[in-house]
Amino acid sequence: MKKADLHIHSCLSPCGDLTMIPSVVCSAELDIIGITDHNTARNIAAFALVCKDKIIVPGIEIHTMEDVHVLGYFPNLDNALEVSEIIEKHTTKLPYDPEKYGYQLILDSEENFVETIDYYLGFPTNLTIDETIKLINENNGIAFLAHVDRKFGAIEQLGFIPPVTKHVEVRKKENWIKLKNEGYIVLTSSDAHTPEDVGSRKIYFDEEVQNASEVLKLLSEGRFKTIWDL
Amino acid sequence: MRISELSDKTGLKEILFCADHDIIHGYVGDLLSIVMRSAKADSIWFTVQSHVNIVAVAAITGVKAIVLCEGLEFDNETIEKAREEGINLYVSSESSYIAAGKVYELGIR
């Protein structure tokens, strides 16, 4: 079985610890790693270059206008970067104090900090949930409503799961049971912002996967298990 | 009106007092993307959002006091960030409508 954690923040997310660099994240006992920074895909290249023995799934955690987080997973880096650029155009660029709200650091292939993003990535874009999902799908990706059962999740922000997708991510077992019974495809992941959380919630693939594209196909069809299935 | 007088008269429960700010305007809103462009400086802001981003938005717009309504509770991280930014925090057990209405009645626009 291949072990996957598909919701991990790097040092580029303002809330991501500065130690969330490829060599640290990829030392976890995982075969497949999803890097999902807030509103950007600009650190994924560093992970793809450094973590050669893992399958890196390019992702973005997009913050919609309704203050809901949506995870977009892409088959390759180009698709992710395309979406990342579009998101940037839909973001009000407000300066912020990185000392107070967290540094946003882009790495090179040797894990040096080479650039910062100077506008706050933690704010909502002006994309609605519908527009966000459409944007992800149009760029060959799949969208999951992130952690629907906690803050910045659909249920918390809207009171319900909007009928835009069957793919959701949850934190708690009781919500996994409930949503699976309602016909959703339910993911769980760590949402790690610090090294010790990486891999704290995983999913498992029984079938062979060689790359991100194959991971997406299995994800899309619900061909994976959570710890609660085992 | 000074925030201390305003909160006394309208029954707001103080969570964090940083300074006795002079409040000139009031604002009600929960979608941060809208608050960011509409809230005025030296305002008291009524909301049901409790996460740390409200402090970032308040700092950018110049909001001086945030009231969390409906009997909700601030995250600890929010309180710490508000302390750093000098923004007062209050809670109200009432809805945003009622809590803001009381402040409006005092003449705050």
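So, which loop of chain A holds Asp67(A)? Asp67(A) sits in the loop between strand E3 (55-63) and strand E4 (69-73) of chain A. I'll come back to that residue, but housekeeping comes before it.

This is a predicted model, and local features need pLDDT of at least 70, side-chain atom pairs count only at pLDDT 80 or more, while totals for chains, interfaces and linings use all residues. Residues are numbered from 1 along each chain as its sequence is written, and chains are lettered from A and ligands numbered from 1 in the order in which they are written. When I say helix or strand, I mean DSSP runs numbered from the N terminus: helices are H or I with at least four residues, strands are E with at least two.

Okay, chain B, starting with its sheet. We have five strands in an open, mixed sheet, in the order E1-E5-E4-E3-E2. Strands pair here if DSSP finds at least two bridges between them. Strand E1 (13-16) and strand E2 (25-28) of chain B are at the edges with a single partner strand each, so one side of each has no neighbour in the sheet. On average, neighbouring strands are turned by 25 degrees against each other, direction ignored. Those angles come from axes fitted to C-alpha atoms, for helices over the stretch in contact, and run from 0 to 180 degrees between N-to-C directions.

E1(B) pairs with strand E5 (residues 88-91) of chain B, antiparallel, over three bridges, and Glu14(B) has Tyr90(B) as its bridge partner. Lying across E1 and E5 of chain B is helix H4 (residues 76-85), at about 80 degrees to E1(B).

Let's stay with H4(B). Thr78(B), Lys81(B) and Ala82(B) are buried in this helix, where buried means 20 or more other C-beta atoms within 10 Å of a residue's own, exposed means 12 or fewer, partly exposed is in between, and the C-beta atoms are placed from the backbone. Down the axis of H4(B), the buried residues fall within an arc of 105 degrees, so they line one face of the helix; the arc is taken from the directions from the helix axis to the C-beta atoms. What do the buried residues of H4(B) pack against? They pack against helix H4 (98-101) of chain A, along with E1, H3 and E5 of chain B.

Now H3(B), which is mostly covered, with eight of its nine residues buried. Among its buried residues are Asn53(B), Val57(B) and Thr61(B). The cover includes H4 of chain A, and from chain B we have H2, strand E3 (43-47), strand E4 (65-68) and H4. H3(B) is followed by Gly62(B), whose phi is positive, near 90 degrees.

Ala58(B) touches Trp45(B), Val63(B), Ile66(B) and Ile87(B), leaving out residues up to four places away in sequence. Contact means C-beta atoms, placed from the backbone, within 7 Å.

And the interface? Ten residues of chain B contact 14 residues of chain A. Helix H2 (32-38), helix H3 (53-61) and H4 of chain B each supply at least two residues on the chain B side.

Over to chain A. Five of the seven residues of strand E1 (residues 2-8) are buried. E1(A) runs antiparallel to strand E10 (residues 203-205), joined by three bridges, with Ala4(A) opposite Ile203(A). E1(A) runs parallel to strand E2 (residues 32-38) of chain A, again over three bridges, and Asp5(A) is opposite Ile33(A).

Most residues other than glycine have a negative phi. Asp67(A), as promised, has a positive phi of about 65 degrees, and counts as buried with 21 C-beta neighbours inside 10 Å. Asp191(A) has a positive phi too, near 55 degrees. Asp191(A) is in the loop between strand E9 (185-187) and E10 of chain A, is buried with 23 other C-beta atoms within 10 Å, and touches His7(A) and His147(A), residues up to four places away in sequence not counted.

Note on methods. Two residues are in contact if their C-beta atoms, placed from the backbone, lie within 7 Å.
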